[in-house]
Amino acid sequence: MRRLITILAIILMGMTALSASQRWENVDAPVGVFTHVPSTAGDDAVEVAVSDGYVYVAIPSESSVKVFTILGQLVCQETLQAGTHRMQLSTKGMYIIKVGDVTKRVAI
């Protein structure tokens, strides 16, 4: 029983380390990733898209970007410069992306 608990603890620590290593990288967005979708007031400058397991965020100015699981667990928090950035999310599911005051929901 102790051996099982030890193995589970090691696996959980490894999973925590993997999720902590997720970082945004500055990229040129692939053609067709961002499609024009009518936006609501206040978020017309922020674009969020998903392609091939990556979340893409295009922002016009430096902004704080937070990624949450659908249950509200913080996955990543970072301040990004203006431009297009991407982050690979290895676990499929629903995520909430908060860019400044704009909140979007995406599915991987």
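Which residues form a nonpolar patch on the surface?

1. **The patch.** M1, L4, I5, I7, L8 and I11 form it, with about 620 Å² of accessible area together. Patches here take residues with over 30% relative accessible area and no salt bridge, joining like charges within 9 Å and nonpolar side chains (Val, Leu, Ile, Met, Phe, Trp, Tyr) within 5 Å. Areas come from the Shrake-Rupley method with a 1.4 Å probe, and for residues only the protein chains shown count as cover. I7 belongs to helix 1; helices (H or I, at least four residues) and strands (E, at least two) are DSSP runs numbered from the N terminus. At a relative accessible area of 42%, I7 is partly exposed, where buried means under 20%, exposed over 50% and partly exposed in between.

2. **Ground rules.** This is a predicted model, with local features needing pLDDT of at least 70 and side-chain atom pairs counting only at pLDDT 80 or more, while totals for chains, interfaces and linings use all residues. Numbering runs from 1 along each chain as its sequence is written, and side-chain values use heavy atoms, with hydrogens and water left out.

3. **The cores.** A nonpolar core is a set of buried Ala, Val, Leu, Ile, Met, Phe, Trp, Tyr and Cys residues joined through side-chain atoms within 4.5 Å. The largest one has 18 residues, and W24, V55, V57, V67 and I97 have the most contacts inside it. At least two residues of this core come from each of strand 3, strand 4 (63–69), strand 5 (74–80), strand 7 (94–99) and strand 8 (102–107). There is also a second, separate core of 5 residues, including V27, V33, A49 and Y56.

4. **W24 and V65.** Contact means heavy atoms within 4.5 Å. Leaving aside neighbours within four places in sequence, W24 is in contact with V55, V57, V65, V67, C76, E78, L80, H85, R86 and M87. V65 sits in strand 4 and is buried, with a relative accessible area of 0%. V65 and K98 are 33 residues apart in sequence, yet their C-alpha atoms are 5.6 Å apart.

5. **Salt bridges.** With a side-chain nitrogen of Lys or Arg required within 4 Å of a carboxyl oxygen of Asp or Glu, the count is 2. In one, R23 meets E78 at 3.6 Å, N to O. R23 is exposed at 52%, whereas E78 is buried at 19%. R86 also bridges to E25, with the closest N and O atoms 2.9 Å apart. Here R86 lies in strand 6 (residues 83–88) and E25 in strand 1, 61 residues apart. Both partners are partly exposed: R86 at 21% and E25 at 36%.

6. **Aromatics.** Rings of Phe, Tyr and Trp (its six-membered ring) pair if their centres lie within 6.5 Å; planes under 30 degrees apart are stacked, over 60 edge-to-face and the rest tilted. There is 1 such pair: Y54 and Y56 have ring centres 6.3 Å apart and planes at 50°, so the pair is tilted. Y54 and Y56 are buried.

7. **A backbone point.** D52 has a positive phi of about 55° although it is not a glycine. D52 is in the loop between strand 2 (47–51) and strand 3 (54–59), and is exposed at 70% relative accessibility.

Methods. Buried < 20%, exposed > 50% of the residue type's maximum accessible area, 1.4 Å probe, protein only.
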